[in-house]
Every structure is written in structure tokens, then in C-alpha cells.
Amino acid sequence: MDADDDSSGVMIDEIYANGDDGEKRSHRPIISGDQFDIEAYASLYAGRTKIARLLFIADHCGDNSAVQLEALRMAYDEIKKGEDTQLLREVAHKIDCRLGPDYAVDGAWCDAVDRRAELKKEKLDNELNAYRTNLIKESIRMGYNDFGDFYYAHGQLGDAFKSFARTRDYCTTSKHIIHMCMNAILVSIEMGQFPHVTSYVGKAEQTPEALDQITVAKLRCAAGLSNLVAKKYKLAARKFLETGPELGSHYNEVIAPQDVATYGGLCALATFDRTELKSKVIDNTHFRNFLELVPEVRELINDFYSSHYASCLEYLGKLKENLLLDIHLHDHVETLYDLIRHKALIQYTHPFVSVDLHMMANAFKTTVTGLEKELEALITDNQIQARIDSHNKILYARHADQRNATFQRALETGREFDGDVRSMLLRSNLIKHEYNLRSLIRKL
């Protein structure tokens, strides 16, 4: 095995050789073994998910680290562009004067925003009441949408969801239904209510005549996230793999194209068999566009398929620290890594009658003792049909004896044939001698 063959650096240089610095920045591999580039990472997102991701990084990267302070600073600046005063106070409290007076609670800004919010809410309420009085369905729908946008901007996600959901009774076209579903999905993802996401994705897909390619790609991503959170990794992989390149940065308030590559690639690697990995991932021209944005994920998938397990696991090791800072993936990293490693161990042992554990441990960059424990667990779980010679450090596969099995089947077929022939001869003799059981019984 060519475990030291690491050409990812050359490939990355080739991919990003063209274009100006701005293009390189927007498509650079944010997830890498190098230091986490938080500024480039944050630039992939917009809206409240950008703030949520920055705060998640700040909470999980260690106290008093430079990355934590930078994440809090960027989150504070982003919040000041919006209207969520409560969130600003929370972030200022987390900063705790470590960034100077410019990043303390801005009381004047909070008071001004809150005053504007009260006036705007009163105006929206008056308008909605007027629409209800006039019974104009379209105006009522727009009124609830405006309320939903208002609550969402101010961080009142529960009220935002209720307002968007109420527009359903006033939708008069398929496009209105799609708009309602997309708003409900957006808020549900931020609240972490993924059963709602699944429900509204299903509702949107029931009106295919109103779906354009970009909206379809968004729905695939939302469904993929929902399945990922539910630990339905194979379904998640399929949804991400079905996402079209039209997605681009059109859904950066939820997910970036780099996330599609990472989530889809790791879920596929953990759950797909070798044939599926080739046909649905490696040969998938649409998904290849996403993989080009994250060369490390592309290379580790190719290494796994080519049985370069050491190189594959090395890439995974480099990515792990940064994947643990991902707001959606962090809870699933350990599980996915275990599934991928177990698949690699199974595939490595499958073609052989016996395997030298020293050579196998070297291929997987681990100790023989550690490898034995992993193999023991897989054998106990019936995922590998083998036994371990602990003294000689050899794994012996328990392949079925095909020759003996063939002989046994032949003998059983012969016995069945012999029985059938004997029955036929007996029946023919009974007929020949006109033996009739009923007549015999009457005679008796």
C-alpha cells in the first residue's frame, strides 16, 4: 500500500491556479489539516447561520484561544448589522471585555433598535388587522409573512415559525406554498426542529410544478441535514448526492457547497458499498463539482476506493479537529469515523485466507494490540468471518469449504433422486398387480 502517496497539495495548487485572489478565497479548502481559517469559513455563510456557526466555534474551540476571540468579534460585528439586541447582549457577555470597549454592550444601539422594533410591530399589527377586516387573502398572507420576517430578524424564532405556518391557510398558488415551506424550513433548521424540516420538505415536494432547480437543490440539502441529524446516514448521503450544482451560494443562509461535499462524502463513505461508492460518488458528475471545493474529501474517497486505507485515514485524521467545529456534523464525527474505519478493516481482510497482523497494523498506522482489539470486536459482531491466532499474530478467514459444500449438495440430490425412483417403482408395481386399498378394506 502506498500510504505515503499524498499528492493533494499539487492538486489543490492546480485547482486554484486560475482566478484572482477573491475567487481563491471563496473556493479555498476551509477544512484542512492546517490552522482553521475562520474568516474564510465565515465568508461562506450569511444571515443568522453565520452568527450561529461563529458562536458554536467560540464555544467549542477552547477558552481564551485566539480563534475563540476572533469568532466572538466577527459574531458581534455581524449582529450589529441586524436587529437582535438580546443576542448582542449575550455575545458581549461572552467577550467579557477581552476585546476592549468597542465590543461591550452598546446600550444606545440596543435602545434605538428596540424602539424601532416596537413601532414596526405596532404598524404590522395594525396593517394585519385591517387586512383581516377586509378579508383579502393575499394581503393577510403577506401580513403574516412580514410578521414572520420581523420575529426572525429579532431572534424570536418560535413566533416566526408560527407566523410563517399561518400563511398556509391563505396560500392561493403553488408558489405561495413553496414560499411558506422554505420559510418554515429555514426557521426550523435554526431552532433544531428537524422533524418539522422533514414535514415541510415533503409538503414542498408535493407541488413539483412550482419547483425550480435551485429550490429543488435547497430541498435536497434540507432533507440531507434532517437525515444527518436523525443518524440516517445513508439517506443523508443520497440527498446530498442528489443536490444539483445550481445550488451555488443560493442557500448560504443554511449551508455552503463545501458542506454538501463534506457531509455527503463522509456519509457515503460510511454507508455505501464499493459499487455504490463508485457509481454514485466517484462517477457522479454533479457531485464532483462539490468535491472539487474540498480536495481533501475527494482524495480520501478516492484513496478508500483504491484500498489506500492508510492515506485515507490520514486525511480523516487531519480533518477531524475542524469537523468537530461544524455546527451540524460535530455530534456525528466519531460515529462516522468508526463506521469508515470498520469498513476499511472489513474490506482489507475480505479477499484473503490469512492476514499477517503486523503488515495490517502497518497499513492502518496502528499497533498490533490495538488492531487485535478492533478485529475482535468486528468478529464478535459477526462483521468479519475469521479467527485470530494471537500467538503468531495471524488472522485466518473462515471461508466456507466450497468443494465440501458441493459434494454435500450432490449427495443430498442423489438421495432425493433415489427416494423418488423407489416411490415410482412401488406405485407402478401396485398398479401392475391391481392393488386397490379401498377394495381390500371392503373385503375385510
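**Figure 1. Salt bridge between K81 and E78.** In this predicted model, K81 pairs with E78 through a salt bridge. The closest N and O atoms lie 3.4 Å apart. K81 counts as exposed, because its relative accessibility of 65% is over the 50% cut-off. E78 is buried, because its relative accessible area of 15% is under 20%.

**Figure 2. Salt bridge between E70 and R73 within helix α5.** Helix α5 covers residues 66–79 and holds both E70 and R73. The two residues are three apart, which is about one turn of the helix. Their side chains meet in a salt bridge, with an N to O distance of 2.5 Å. E70 counts as partly exposed, at 25% relative accessibility. R73 also counts as partly exposed, at 26%.

**Figure 3. Salt bridge between R141 and E138 within helix α8.** R141 and E138 sit in helix α8, residues 137–153. Three residues separate them, about one turn of the helix. Their closest N and O atoms are 2.9 Å apart, and the pair forms a salt bridge. R141 is buried, with a relative accessibility of 6%. E138, in contrast, is partly exposed, with a relative accessible area of 32%.

**Figure 4. A salt-bridge network of R48, D84 and E190.** Three residues take part in this view: R48, D84 and E190. Salt bridges link them in a network. Side chains of opposite charge can pair when their charged atoms come close.

**Figure 5. The whole protein, as context for the close-ups.** The predicted model has 23 helices and three strands. Helix α5 and helix α8 are among the helices. The structure holds 25 salt bridges, including the pairs K81 with E78, E70 with R73 and R141 with E138. Of the 444 residues, 42% count as buried. E78 and R141 are among the buried residues. The accessible surface comes to about 23900 Å². Carbon and sulfur atoms account for 51% of that surface. Contacts between residues at least 6 apart in sequence were also examined. Of these contacts, 61% join residues at least 24 apart.

Conventions
Residues are numbered from 1 along each chain as its sequence is written. This is a predicted model: local features need pLDDT of at least 70, side-chain atom pairs count only at pLDDT 80 or more; totals for chains, interfaces and linings use all residues. Side-chain values use heavy atoms; hydrogens and water are left out. Helices (H or I, at least four residues) and strands (E, at least two) are DSSP runs, numbered from the N terminus. Buried means under 20% relative accessible area, exposed over 50%, partly exposed in between (1.4 Å probe, protein chains only). Contact means heavy atoms within 4.5 Å. Accessible areas come from the Shrake-Rupley method with a 1.4 Å probe; for residues, only the protein chains shown count as cover. A salt bridge is a side-chain nitrogen of Lys or Arg within 4 Å of a carboxyl oxygen of Asp or Glu.
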